[in-house]
Amino acid sequence: MSAKKGLKSRDQIDPKYKWNIEAMISDESTIDKDLQKIKNQADKYAAKYAGHLGDSAQTLYDAFASRDRIMRKLEKIFVYAHMRRDEDNANSLYQGMTDKAMAVIAYVSAVTSFFTPELLSVKRKTLLGFIEENPELKTYEFVIKDALRQKEHVLGKKEEAVLAQMGEVTGATNDIFTMLNNADIRFEDAVDSKGRKHPVTHGSYGKLLESKDRVLRKSAYDSMYDAYKGLINTISTAYNYNTKTDVVSARIRNFGSAREAALSGDNIPGSVYDNLVSVVNENLPNMHRYVALRKKLLGVDKMYMYDMYVPLIKIPKKKIPFEEGLDIIREALKPLGRDYIRKMNKGISQGWIDVYENKGKTSGAYSFGCYDSYPYILLNYADTLRDVFTIIHEMGHSMHSKYTRDAQPYIYGSHSIFTAETASTVNESLLMNYLLDQETAPRMREYLLNMYLEEFRTTLFRQTMFAEFEDITHKAIEAGQVLTSDWMCEEYQALNDKYYGPAVERDDTIRYEWARIPHFYNAFYVYKYATGYSAATAICSKILTEGKSAADAYIDFLRTGESDYPIELLKIACVDMSGPEPIRKAMDKFNELLDEFEGLVNKR
Ligand SMILES: [Zn+2]
């Protein structure tokens, strides 16, 4: 990364725009000693509890509780060091502190790794008896029962030991792809309509595809896919074996399929996946209508996939200073109720947010923290409307953490991806609806509607298309097929045709897109973006139509952390993801937005 000109150094930033990280750890001088202490405690822990978890209800409770105490202290130091490092990555002190904390995490994990296998070796009846006997152990009832649920997929001691050793090599396919994709691959420069060259990287590609210069867009697109085409046999082989690893591992662990194995962690029924794919498929004609509208707005005879990301509606850039951005989100989040706004305002004044970019600061945005800290937010706020969406998104995560940590014990104090993105997306949807409510100027409405529709396209449709692809490839392996590059490219092309419809010209390029998606090496994961988005859309509609009762139910959901399975937790917010309803509601919203967008465009 090149240093940006005129960027302030960290100490030149007004303290009121920096997060109050001192509230987390005010004296760093004891950190080294504290880490050593934690290591010693872990050693003592293993000596005391290994081999004794089944002794008595009291011993089991003590083992759970003291493991939590050790992890809690360690997590706090790690999160602190990590956030300090993010303030200025050139500061080697905090890089060193982060590395030390990570080394202790690895040490403690290894020393306490006896815990789960040993817990599972205790008889089911004994464990359930312990829970009845010791009221304190009730806190851990859900984790214990969840471990018992997964017990049928745990093999004998010998087999587990062999599998653990094999684990050192089964990640190879992912590592090979990562190396290929991040280190070895070379992209030709893209060339614009004036003959100027533009370097193509994973980072610059998205921006190049948003360029108004169509020659440049096409050139970047060709450069990207030429590179993958040149490596397609190697990538296909890596992906074939990666998929095979999923299938074989699932079989070894007595799962019916690779998908069943992947979904079992969150205890998600396969029907959730199938509902997503089938409801989105039913609604593809509306996606095609949207794509056709894009073609019309671009005014091109033939539209290609490289025309899919260029913004359709241009509006004059308006600066939104940070304080004004906060006022907007306060108004937008009002439907969530007074308590939410009050807690949020208190958080802002306590110094949750690190607002502006400075030299060396980590880019992007996140919500982070631990059970014993504020739920901090890192931003690189640059006064745009996009940045206001970023604040409200990260605030969604932070408020989720706040409500959860106030209500749950440490063990349930975080969130699964399945529920986490729901909380951030509800906030984004509320902001979008608020802005649309305020806006009357047709061009500005078009801009917002288009932004909203693009979210649907990229999160709900595109991720579902990926989910469908993963399902197809895993089923093929399960049926005994080998995944060849030709077959995968054809399957992918067919999916792309199906999702984007007849308004897009077929070319020989997009068929290689699957080869550049790193998420495919972590199968059956991306569907969570699509389901999370649908759940959030359904919740937002409920809050806006039903008011307080729906908002209160949603706040209750925010308090639940990881105290149950995601599908059960979402039911608290009155969304039942085990049926097709939330996906249908999301699709209805898409269609409603599209109707208005189309109407405005046709009226021009
Ligand atoms: Zn997020």
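## Ground rules

The model is predicted, so local features need pLDDT of at least 70 and side-chain atom pairs count only at pLDDT 80 or more, while totals for chains, interfaces and linings use all residues. Residues are numbered from 1 along each chain as its sequence is written, and side-chain values use heavy atoms, with hydrogens and water left out.

Because His393 sits in helix 17 (residues 385-407) and Glu421 in helix 18 (residues 417-438), the pair ties together parts 28 residues apart in sequence. Helices (H or I, at least four residues) and strands (E, at least two) are DSSP runs, numbered from the N terminus. His393 counts as buried at 16% relative accessibility, whereas Glu421 is partly exposed at 22%. The cut-offs are under 20% relative accessible area for buried and over 50% for exposed, with partly exposed in between (1.4 Å probe, protein chains only).

Three strands make an open sheet with mixed pairing, in the order 3-5-4. Strand 3 (353-354) and strand 4 (366-368) each have a single partner strand, so one side of each is left without a neighbour in the sheet. Strand 4 pairs with strand 5 (residues 376-378) in the antiparallel sense over three bridges; pairing requires at least two DSSP bridges. Within this pair, Tyr366 stands opposite Leu378.

## Helix 8

Helix 8 (residues 172-184) buries Thr173, Phe177, Leu180 and Asn181. Their directions fall within an arc of 85° seen down the axis, so they line one face of the helix; the arc is taken from the helix axis to the C-beta atoms. Asp175, Met179 and Asn182 are exposed on the face turned away from the buried side.

## Nonpolar cores

Trp514 and Tyr554 touch the most other members of the largest nonpolar core, which has 144 residues. Such a core is a set of buried Ala, Val, Leu, Ile, Met, Phe, Trp, Tyr and Cys residues joined through side-chain atoms within 4.5 Å. Helix 19 (residues 442-478) gives the most to this core, with 14 residues. A second, separate core of 51 residues includes Leu74, Ala81, Leu127 and Tyr366.
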